[in-house]
Amino acid sequence: DHELALCGSLSGALAAFLTTPLDVVKTRLMLGSDSNGVPYRGVADTVRRLIAESNASHSHSITSMNSVRVLFSGVGPRVMWISIGG
């Protein structure tokens with residue numbers, strides 16, 4: 001049934017969108033350290049450093065928007081992949 005497939009696709013896309021920040025943090029934690037070799041010390045440290053890194057590279061923009069943007073990096077491909085059944 002096409003309706004069920006559409007509902008599954010949309011719910012998968014929404015779930016992928018909402019969990020992207022968690023995936024970004026998880027990936028950084030799995031890498032173990034930042035580009036300077038400084039190890040991450042847990043979730044809070046990783047989020048704080050991601051936000052600080054984003055704000056440092058975009059000092060001319062609105063801080064809160066950059067914070068959200070960095071936590072949602074890669075959201076487009078992730079949502080597309082999950083919504084088509086990946």
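Student: Where does Thr46 sit?
Tutor: In this predicted model, Thr46 lies in helix H2, which covers residues 43-57.

Student: Is Thr46 buried or exposed, and why?
Tutor: Thr46 is buried, because its relative accessible area is 0%, and buried means under 20%.

Student: Which residues is Thr46 in contact with, leaving aside its neighbours within four places in sequence?
Tutor: Its contacts of that kind are Val25, Arg28, Leu29 and Tyr40.

Student: And how far is Thr46 from Val24 in space?
Tutor: Their C-alpha atoms are 9.6 Å apart, while 22 residues separate Thr46 and Val24 in sequence.

Student: Let me step back. How many helices and strands does the chain have?
Tutor: There are four helices and zero strands. Read along the sequence, the pattern is α-α-α-α.

Student: What about helix H1, how many residues does it have and how far does it reach?
Tutor: Helix H1 spans residues 2-31, which is 30 residues. From first C-alpha to last, H1 reaches 40 Å, close to the 44 Å expected at 1.5 Å a residue.

Student: Where does H1 bend?
Tutor: The bend is at Thr19 and amounts to about 50°. A proline, Pro21, follows within four residues of that point.

Student: Which residues of H1 are buried?
Tutor: The buried residues in H1 are Gly12, Ala13, Ala16, Thr20, Pro21, Val24 and Val25.

Student: What follows H1?
Tutor: Gly32 follows H1, and the phi of Gly32 is positive, near 90°.

Student: New topic: which residues form the largest nonpolar core?
Tutor: That core has five residues, namely Val24, Val25, Leu50, Val70 and Leu71. Helices H1 and H3 each supply at least two residues of this core.

Student: What does Leu50 touch, not counting residues up to four places away in sequence?
Tutor: Leu50 touches Val24, Val25, Val70 and Leu71, and also Arg28.

Student: Going on to the end of the chain, where is Ile82 found?
Tutor: Ile82 is found in helix H4, residues 75-83. Ile82 counts as partly exposed because its relative accessibility is 33%.

Student: Which residues is Ile82 in contact with, again leaving aside neighbours within four places in sequence?
Tutor: Those residues are Gly12, Ala13 and Ala16, and each of these three is among the buried residues of H1. The C-alpha atoms of Ile82 and Ala16 are separated by 6.6 Å, although the two residues are 66 residues apart along the chain.

Student: And how far apart are Ala5 and Ser83?
Tutor: Ala5 and Ser83 are 78 residues apart in sequence and 9.9 Å apart in space, C-alpha to C-alpha. Ala5 is part of helix H1, and Ala5 counts as partly exposed because its relative accessibility is 48%.

Student: What share of the contacts do residues 24 or more positions apart account for?
Tutor: Such residues account for 45% of the contacts in the chain with a separation of 6 or more.

Student: How much of the chain counts as buried, and what area does the chain expose?
Tutor: Of its 86 residues, 24% count as buried. The chain exposes about 6000 Å², with carbon and sulfur atoms supplying 67% of that area.

Conventions
Residues are numbered from 1 along each chain as its sequence is written. This is a predicted model: local features need pLDDT of at least 70, side-chain atom pairs count only at pLDDT 80 or more; totals for chains, interfaces and linings use all residues. Side-chain values use heavy atoms; hydrogens and water are left out. Buried means under 20% relative accessible area, exposed over 50%, partly exposed in between (1.4 Å probe, protein chains only). Contact means heavy atoms within 4.5 Å. The expected span of a helix is 1.5 Å times one less than its number of residues. The bend at a residue is the angle between axes fitted to the seven residues ending there and the seven starting there. A nonpolar core is a set of buried Ala, Val, Leu, Ile, Met, Phe, Trp, Tyr and Cys residues joined through side-chain atoms within 4.5 Å. Accessible areas come from the Shrake-Rupley method with a 1.4 Å probe; for residues, only the protein chains shown count as cover.
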